[in-house]
Structures are given as C-alpha cells and as structure tokens.
Amino acid sequence: MGPRAETREAILEAAYGCIAQDGITRTSVGDVARAAHVSRASMYRYFPGGRGELIEAVVVWEYQRFFIRLYEAVCDAETLEEVIERGILVARRAIADHEVLQVMLRAHPEAVESALRAEVAPTRTLVAEFLAPYLEQHELAPGVEVAGASSFLARMVLSYMGSPGRWDLEDPAEVSRLVRTELLAGIVPAP
Amino acid sequence: MSHLVISSDVLDSASDVVGDGGAVDGRGVRRPAPVADGASKRLKIVDAAVRCIARSGIGSTSLDSIAREAGISRATLYRTFPGGRDAVLHTTAKTETTRFFAGMAAAMAAATSLEDLIVRSISESARRLTSSAALNAVMAEDPQKILSHVSLGEMDRTLVVVTDFAHPFFAQWLEREEAMRAAEFVARVVLTYLATPDEDLDLLDDDDVAALVHRFVLPGIMALGPAEHRR
C-alpha cells in the first residue's frame, strides 16, 4: 500500500470508529480529521465530496472488510456443502452482531443501499469465482456446468445472506436443509 | 405486524379503486367495468397519473398535469381526491400494485404443473416488471425508490408480502410449509436476476427461464418435501 492509500485507509478507519461511537449524524469531517490526525484540507483532498462521500466510502470499506473476514472464515472448508453452510452461518451471525450496520440500517437505510449498489455485481462475481473450484471437485448432476452453477449459487447464497426470509439461518440444521434443498438439489446428483 | 398492513392495504385497493367487475383484456391489462361514478372517476384519474409518470417521472407530475391528462378541472380532481397530489400518487401506487398481483394471479392460476407454475411466475413477473413504462420512469428518476424494497433492510418484508400472495398457488402441488418456502425461493430468483441482470440469462427469454427452472429451481423445490410428497 502506497502512502496515499495508507492515509486513505487511516481516514476510513477513523471515520468508522467515529460512526461506531457517535452515530452517523453526529460524525463530522472535523471529528474524523482529528481522530485520523490529518488536516481538514487533506480530508478534502482524499474525499472532495466531503461528508457524504466520506460516509459512502466508509460503508463500502466496511462491506469489503466484511467479505474479507468471511473469506478467512470459510477458505479452509473442504467440501462444497461445508463451504456454503459455514459461509451462510458466519455471514448471518456477523450481520446480526454488527451493531454499526444495524444502527445504520435502522437510521439511514437509503445511505447504505446507495453506497453498496455498485458493489453487488462485483461481489457476486467474486463469490462465483470462489465457489467454482469447489464445484470442480464435486460430482455434478448430469448436464450441469461449473460456470452456470457457480453463477446461480452465488446469487442465491448472497440473497440468503442478505435476507433470511422464512429461514432461521442462525440454526445450523436449517442452514444444512437450505443447502441440501434449494441451493444444491439441482447441482449435485440426487443422494 | 407491518407486512399485514401492507398486504391489506394492497388488497383494499382492489375493491377500492378497480372495482369488482373489471375484466382482463388480451394483454392482461385490467379494464374497468362500468362501476359507480365515483369509482370510475378515481380510476380515470389514476390512469392519467400513470401516463404522466410514464412520460416524465414522479417529480414532474403535478396535480395540474394529472388533471389536464384526465381532461378534468383541478376542482373536480380535488373533489375526488381531497388529499391532492399525494393522495393521487398513493392511490396510483396501490392500484398499480393491485394490477400487478391481479395479472400474476391470472397467469399463475392457469398453471398445469408445478414446473409450469414456476416458469409462469418467473416469466410473467419479469415481463410485467420490465415492461411498465411508469415503473421504468421511476427507476430512471430515483432508483432508490424501487431498489430500497429489495435491498438489505427491506428485502425481508418484500419477501413476506410476495410469499403471502403466491403460496396458495404452490399449495396446489406442495404441503403448506413447502409451498411458502417455494414461493419465497421463486421470488428471490426473480428479484436477483432483475435487480442485477446476468449476461448469460435473460428472464424475458422463454428458453432461458425454462432451462433455469428445470435445472436448478424445480429440483431445489422438490427436495424441500418428504419423498412421499414428490410428484
């Protein structure tokens, strides 16, 4: 990471700390500058759009960190079933326990939604690429190709991670049922 | 529970605005039957509002432009909708939602098998949601207004409303609990492909939908039930 990227990272980390402590509404550019030990002028060099741009960048930054932590939690899984089950469980618990996210979703859902809109498609591609090798190692149902299956799986896994709907996805038995039915029944051969 | 408010609100609008005697024409558009004068006037205004929104978005749709489009005076419009522009827009949203679900119900009721029901649900909802000029205008003007219903905070509520509506159709082929899950699963499939389209899969292409359902969606739903329920 170059010095410019390091400073940007330090600002985002400080901004995240301010939001976690005081909430979005009470976090100003000045507060973040003080916490990150940079001048207000530098703040605007990194985030010319000011407070709005900074907050949007913090949401994206934390979203990316979320997926890095998720990757670290599941990357040693050995089978397709295991990696998806563990991924959904870890993600749901992390979202439920994520106080800053919960507060932001209650108070500023539209800010979260608009910051993350551009992230949806790239995230899906990454998840599909991550799942592809697990599919390659697994016996697949006749006619199923890795590309189509990984793309469908990535969409559905992200859908359930974001919104559990009728499923209790903090219960390992429910997650296992979801994975064996809706997610994998068309992809792996029938037992 | 808040979703119940939404569902009953939507259901209310069926008798409230469209009237019970509406007929569905060849393109699945619900036409008003001759109903009480007040109801037909409300519908005329709502249809004018839909055309205004389709043409220039919600922001540029004023009470005057709706009145002009409906061919009535401002005063008449206020007599019909004392709440003014907000009331017209609210009723318009409710009416369009009702029309969407009425069209979906007609398409889904004609299904001849579970697989056919899934295919119809996906194709019909994709066709309706992408072909509405008013909805497209709102998306272009303020995507947040639409997308917020299918993102993190609100998606669960949207799924509940859609599942409440759709599960009875699935219950023709599945036990109730599986029917609820099946309806939710199909709604997720539609929402993910519409919200962020796929290069290799077009929900408006019948062959693409048939292949998606046959390969991934139907087996996932069949697996939900105990083996003796599968048919």
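User: A crossing is right-handed if the near helix is turned clockwise from the far one by less than a right angle, and left-handed if anticlockwise. Which is the crossing of H8(A) and H9(A)?
Analyst: Right-handed. This is a predicted model: local features need pLDDT of at least 70, side-chain atom pairs need 80 or more, and totals for chains, interfaces and linings use all residues. Residues are numbered from 1 along each chain as written, and chains are lettered from A and ligands numbered from 1 in written order.

User: Where are those two helices?
Analyst: H8 covers residues 120–137 of chain A, and H9 covers residues 146–162 of chain A. Helices (H or I, at least four residues) and strands (E, at least two) are DSSP runs, numbered from the N terminus.

User: At what angle do their axes cross?
Analyst: Roughly 125°. The axes also come within 8 Å. Axes are lines fitted to C-alpha atoms over the stretch in contact, with N-to-C angles from 0 to 180 degrees.

User: Which residues of H8(A) meet H9(A)?
Analyst: Among them are A:Thr123, A:Val127, A:Leu131 and A:Leu135. On the H9(A) side, the residues include A:Val146, A:Leu153, A:Val157 and A:Leu158. Contact has C-beta atoms, placed from the backbone, within 7 Å.

User: New topic. How many helices and strands are in chain B?
Analyst: Chain B has 11 helices and two strands. Along the sequence, the pattern is α-β-β-α-α-α-α-α-α-α-α-α-α.

User: How much of chain B is buried?
Analyst: Buried residues are 36% of its 231 residues. Buried means 20 or more other C-beta atoms, placed from the backbone, within 10 Å.

User: What about contacts in chain B across the sequence?
Analyst: Take contacts between residues at least 6 apart in sequence. Of these, 59% join residues at least 24 apart.

User: Which residues of H6(B) are buried?
Analyst: They include B:Leu117, B:Ile118, B:Val119, B:Arg120 and B:Ile122. Their cover includes helices H5 (84–109), H9 (152–170), H10 (176–195) and H11 (206–222) of chain B.

User: Why does B:Arg120 count as buried?
Analyst: B:Arg120 is buried because 21 other C-beta atoms lie within 10 Å. This residue is in helix H6 of chain B.

User: What does B:Arg120 touch?
Analyst: B:Ala107, B:Met108 and B:Ala111, leaving out residues up to four places away in sequence.

User: How far is B:Arg120 from B:Asp142?
Analyst: In sequence, they are 22 residues apart. In space, they are 29 Å apart, C-alpha to C-alpha.

Terms used:
Contact = placed C-beta atoms within 7 Å. Buried ≥ 20, exposed ≤ 12 C-beta atoms within 10 Å, placed from the backbone.
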